[in-house]
Amino acid sequence: MGALQKSLKTRHITMISIGGVIGTGLFVGTGKNILSTGPAAMISYAIACLLIVLIMQMVGEMASGEIVLGKKSGGSAELGSFASYAGKYIGPWAGFTVGWLYWASWVFIVGLEAALIGGMLHNWFPMIPTWLGSVGITLLMTIVNIYSVKSFGEFEYWLSFVKVTAIIVFLVVGIAMILGIWPNYEPKGLGILSEFGGFAPNGIVPIFTAIVFVIFSICGAEVAAIAAAESENPAKNIVRAIRNVVFRLGLFFVGSVAIMVLIIPWNDSKMLAAPYANILTMAGLPIAAQLIQIVIFISLISVLNSALYTSSRMLLEMSRQGDAPKIFSQIKNRRGVPVPAVIGSTVVAYICAMLYFISPEVIFYFLGNCVGGLMIAVYIFIAISQIRFRRYYDKVSDEPLSIRMWLFPYLSYVTIGILTIVYLCQALIESLRSQFYLSTFVLIGSVVLFMIMRKLSTRSTEQIEEKLASE
């Protein structure tokens, strides 16, 4: 079966943890969220970021605890996945459901990013068909992932470096503009937050529904926890990745939104269509729009690269648990890369990308809407797993955890409650209602599929046993 190679460096994990959440959702989706929510979008982003921080803290606690338990039992001290935690502490059906929902979400993201990249390339170079750009960039990222995990880490390191640098420049310029120390700009003051209809002009409900979009935008923080398993020091790097989450989410997302609503009126749809570029242009940086477009393109490639890596590792884990075909558990090259899992995820991603060209307004649209809801469902499963893990750990071990969930179990229950409210809020908004029903249907369908497969497997085992007994 082979083993994954621990060839990722600490710097790779650090930059992946910082850049993992910076995708097109931040550069493109932020303006849309402000338009629907008003200045209160800051609250949506703050709540969403807090939820992700809490989920990452839970993941870190379970990962560090599993390493301790593995060493104590004399078994493996490897980091597990969300699916393995759910399967162990909730039940096999939960592990199956979490694994496949998480894998499907990231595979769809690969297809989405590929389609968007193809569109950008076509706009820049009309002689390149959109489909060719999509296929070409996905093939390139597949090669990067197949070659070695180190090549993935190095590629992602530099892509993340560019994204982080761009956000830091924006934050510095934006803060200088707000404080009135940037030349040729007159700050509008805090009054802009209450003008044009007030702080929450569309009411309270949009604040919660916007959280769905924000979570979809910032999902990816947990990629660092997955990548840490293939690093030179998993126990140390998982702690470092988790601790970096709090700072980077608050700075990059909440900080960016705060700057936007303090500079651009919340109902200015033209300016919020490209807020990063427009604010930098207001600051007198004439090539800002072109540079932001390049950064967005790099972000698309980065997210595609991370999504392909994440989906392949989840498929590998599912296969090793017996919830996916055994061929995906094989490590096919000497660099420790699960080649069948990478190729399998790529093939399905190609199908998703094809749906964009075949039916962008129907099939692809519904699938895209489904992802945000499924991510919230996965996070709820993670929170339930953490509660059950912690109770088990406290019974069997007195060794202190390197990462502990704060205010356990109360904050864990609060997290589950808020995530559930956010999930149900989708049904209250007409534009999100189809997303709610579709994601709920997929969630229930995956559980039913597990039950059917388990029943068929049990029946097959019984028939084999009866046959052997009769002989």
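Q: What should I know before we start?
A: The model is predicted: local features need pLDDT of at least 70, side-chain atom pairs count only at pLDDT 80 or more, and totals for chains, interfaces and linings use all residues. Residues are numbered from 1 along each chain as its sequence is written, and side-chain values use heavy atoms, with hydrogens and water left out.

Q: Where is Ser306?
A: Ser306 is in helix α13, residues 288-320. Helices (H or I, at least four residues) and strands (E, at least two) are DSSP runs, numbered from the N terminus.

Q: Is Ser306 buried or exposed?
A: Ser306 is buried, at 7% relative accessible area. Buried means under 20%, exposed over 50%, partly exposed in between (1.4 Å probe, protein chains only).

Q: What does Ser306 touch, neighbours within four places aside?
A: Phe152 and Glu156 are in contact with Ser306. Contact means heavy atoms within 4.5 Å.

Q: New topic. Why is helix α4 largely enclosed?
A: Because 6 of its 8 residues, in the run 82-89, are buried. Among them are Phe82, Tyr85 and Tyr89.

Q: And what comes just after α4?
A: Gly91, with a positive phi of about 160°.

Q: What about Leu407, where is that?
A: Leu407 is in the loop between α15 and α16. Its phi is positive, about 50°, although Leu407 is not a glycine. Leu407 is exposed, at 63% relative accessible area.

Q: Which peptide bond is cis?
A: The one from Phe408 to Pro409, with omega near 0°. Pro409 lies in the loop between α15 (363-396) and α16 (410-425).
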